[in-house]
Amino acid sequence: MTALALDRRTRRTLLVGALCTGLAAGLAACGGDDPDAGTNGVGKLEPAEIQSRTVKAARGADAVHVAGSVVSSGKTYKLDMRLKDEGGSGSVTTGGSTFRLLRVGEHLFLKADADFWTHSDDADQDGAAADKLDGKYVKVPAGDPAYKRLSTFTDKGVLLDGLLTLHGTLDKGDHGSSGGVRTIGLTGDEGAGGTLDVSLEGAAYPMRLERAGGAGTLQLTDWGRDFTLTEPESTDTVDYGKALPES
């Protein structure tokens, strides 16, 4: 074989090798067969470590938007709340009634229409109170039993700690997406103990939660997106006194 033939064969071999290497690199860059390629790497961790990462990310975020449903003590609550460490605001719907909550620091306000406040057998007295409270922010007294119950919906730490718990043996679920964000699933007892979709992009934020026992589904978005909390104007506020009426 001549030197020229050897040279051509060598060049051909090198060219094919370069093409194959480039193709392999291209497939890896596009994800190829690795669903975790180009992610934050959380999908490759053990389930307990994924849970630890997502809880840490959630607690460390300045703000979050929580929307969906929660079943508690036999009641279904539909939430649409924006939360941060200093408080929160949004709406809660239960039993056919919708009310708005606003907490700024320790001050909690509730706003609802007249129907929400209609509760007694005395139509005249009840109607007069309802008209007074209709569409106004009512400052919830700190000592009222309703304060603790309602403020839970506006407390980022308490609400997330209660919601992000999966029950039973942890395992990894499927890769998917939530709100256009790539996710890895985390399950408790193969889903019977709840499922959580964790972001594979950026911080390992929880993105979607299905609570155990069909106790509600929540979307968690706008992590770290700040918003303004301001107490309502005095003209839009009613100080009910030491206790709210039962509703």
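**Salt bridges in a predicted model**

At 40% relative accessibility, aspartate 161 counts as partly exposed. That is our starting residue. Keep in mind that this is a predicted model.

What does aspartate 161 pair with? Its partner is arginine 59, in a salt bridge. The closest N and O atoms are 3.3 Å apart. Now look at where the two sit. Aspartate 161 is in helix 6, residues 156-163, and arginine 59 is in helix 2, residues 47-60, so this pair ties together parts 102 residues apart in sequence. Arginine 59 is exposed, at 56% relative accessible area. It counts as exposed because the cut-off is over 50%.

Why can such pairs form? Side chains of opposite charge can pair when their charged atoms come close.

Next pair. Lysine 111 and aspartate 236 meet through their side chains in a salt bridge, 3.9 Å from N to O. Lysine 111 belongs to strand 5, residues 107-111. Aspartate 236 lies in the loop between strand 11 (217-221) and strand 12 (237-239). So the pair ties together parts that are 125 residues apart in sequence. Lysine 111 is partly exposed, with a relative accessible area of 24%. Aspartate 236 is partly exposed too, with a value of 24%.

Third stop. Arginine 225 and aspartate 222 form a salt bridge, 3.3 Å from N to O. Arginine 225 is exposed, at 52% relative accessibility. Aspartate 222 is partly exposed, at 23%. Which residues join in a network here? Arg82, Asp222 and Arg225 are linked by salt bridges.

And how many salt bridges does the count give? It comes to nine.

Terms used. Residues are numbered from 1 along each chain as its sequence is written. This is a predicted model: local features need pLDDT of at least 70, side-chain atom pairs count only at pLDDT 80 or more; totals for chains, interfaces and linings use all residues. Side-chain values use heavy atoms; hydrogens and water are left out. A salt bridge is a side-chain nitrogen of Lys or Arg within 4 Å of a carboxyl oxygen of Asp or Glu. Helices (H or I, at least four residues) and strands (E, at least two) are DSSP runs, numbered from the N terminus. Buried means under 20% relative accessible area, exposed over 50%, partly exposed in between (1.4 Å probe, protein chains only).
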